Amino acid sequence: MDFEKILTRVAERGSDVIAEELLREIEAEYGRVPLIFERMAERPEILISHLLYKGAVVETSQLEPKVIELISLAVGAALKCSHCVEYHMQSAMAKGATRAEILEVILIAGMLANSAVLADAYRVVNGSGPCPSCDINGTGLNKTCSDE
């Protein structure tokens, strides 16, 4: 996705037209358009700005496109977004990801999501709330929020 080209297209032809074209391009590349993009297209400026942001992140990334999709898949799994998982799984496979790699990132996402659940629950049981310092520095420190 070329940032300047899209901005030029918007300036020349209007955001409504370009939003529809972008949806068709997404469908051609991935076989379908995610529901979130369809809803964003109801306000073309939202869809276009989201896709420009997404494109800028991906295009300037030092990570391979397959890795970006695998990370996206893992995040979708951790957030329990089945639509995200399905979409990014298809995209990762289109970029060369294997079934084993997909299962691996799902396992990692599950492990981290489980850890987050446990950490929050243990803080409640211990009578302490979340603490940015504890969250950043982890456990095993000489002093934590519960020591105060």
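## Ground rules

Welcome to a predicted model, in which local features need pLDDT of at least 70 and side-chain atom pairs count only at pLDDT 80 or more, while totals for chains, interfaces and linings use all residues. Residues are numbered from 1 along each chain as its sequence is written, and side-chain values use heavy atoms, with hydrogens and water left out.

## The overall fold

The chain has eight helices and zero strands, and its elements read α-α-α-α-α-α-α-α from the N terminus on. Helices here are DSSP runs of H or I with at least four residues, strands are runs of E with at least two, and numbering starts at the N terminus.

Of the chain's 148 residues, 28% count as buried; buried means under 20% relative accessible area, exposed means over 50%, and partly exposed lies in between, with a 1.4 Å probe and protein chains only. Take the contacts between residues at least 6 apart in sequence: 53% of them join residues at least 24 apart. A contact means heavy atoms within 4.5 Å.

## H5 against H6

Back to the opening pair. Helix H5 (residues 65–78) packs with helix H6 (residues 82–94) at an angle of about 165 degrees, and their axes are 8 Å apart. The axes are lines fitted to C-alpha atoms, for helices over the stretch in contact, and angles between N-to-C directions run from 0 to 180 degrees. H5 and H6 are therefore roughly antiparallel to each other; the classes are roughly parallel under 35 degrees, roughly antiparallel over 145, roughly perpendicular from 65 to 115, and oblique for the rest.

On the H5 side, the contact is made by Lys66, Glu69, Leu70, Ser72, Leu73, Gly76 and Ala77, and on the H6 side by Cys84, Val85, His88, Met89, Ser91 and Ala92. These residues divide into seven nonpolar, four polar and two charged. In this scheme Ala, Val, Leu, Ile, Met, Phe, Trp, Tyr, Cys and Pro are nonpolar, Asp, Glu, Lys and Arg are charged, and the others, Gly among them, are polar.

Serine 91, which lies in helix H6, counts as buried at 0% relative accessibility. Leaving aside residues up to four places away in sequence, serine 91 touches Tyr30 and Glu69. In the loop between H5 and H6 you will find lysine 80. The phi of lysine 80 is near 60 degrees, a positive value in a residue other than glycine, and lysine 80 is exposed with a relative accessible area of 78%.

## H5 against H7

H5 also packs with H7, at an angle of about 40 degrees and with axes 8 Å apart. H5 and H7 are therefore oblique to each other, and here H5 passes H7 in a right-handed crossing.

From H5, Lys66, Leu70, Leu73, Ala74, Ala77 and Ala78 meet Glu101, Ile102, Val105, Ala109 and Ala113 of H7. This contact divides into nine nonpolar, no polar and two charged residues.

Helix H1 (residues 3–13) meets helix H2 (residues 15–30) at an angle of about 135 degrees, with axes 7 Å apart. That makes H1 oblique to H2. H1 contributes Ile6, Arg9, Val10 and Arg13 to the contact, while H2 contributes Ser15, Val17, Ile18, Glu21, Leu22 and Glu25. The tally is five nonpolar, one polar and four charged.

The structure holds six salt bridges, each a side-chain nitrogen of Lys or Arg within 4 Å of a carboxyl oxygen of Asp or Glu. One of them joins glutamate 25 to arginine 9, with the closest N and O atoms 3.1 Å apart. Glutamate 25 is in helix H2 and arginine 9 in helix H1, so this pair ties together parts 16 residues apart in sequence. Another joins glutamate 21 to arginine 13, at 2.1 Å between the closest N and O atoms. Glutamate 21 is buried at 13% relative accessibility, whereas arginine 13 is partly exposed at 42%. Arg9, Arg13, Glu21 and Glu25 are linked in a network of salt bridges.

Aspartate 120 forms a salt bridge with arginine 123, with the closest N and O atoms 3.7 Å apart. Both residues lie in helix H7 (residues 99–125), three residues apart, about one turn of the helix. Aspartate 120 is partly exposed at 46% relative accessibility, and arginine 123 is buried with a relative accessible area of 19%.

Note on methods:
A crossing is left-handed if the near helix is turned anticlockwise from the far one by less than a right angle, and right-handed if clockwise.
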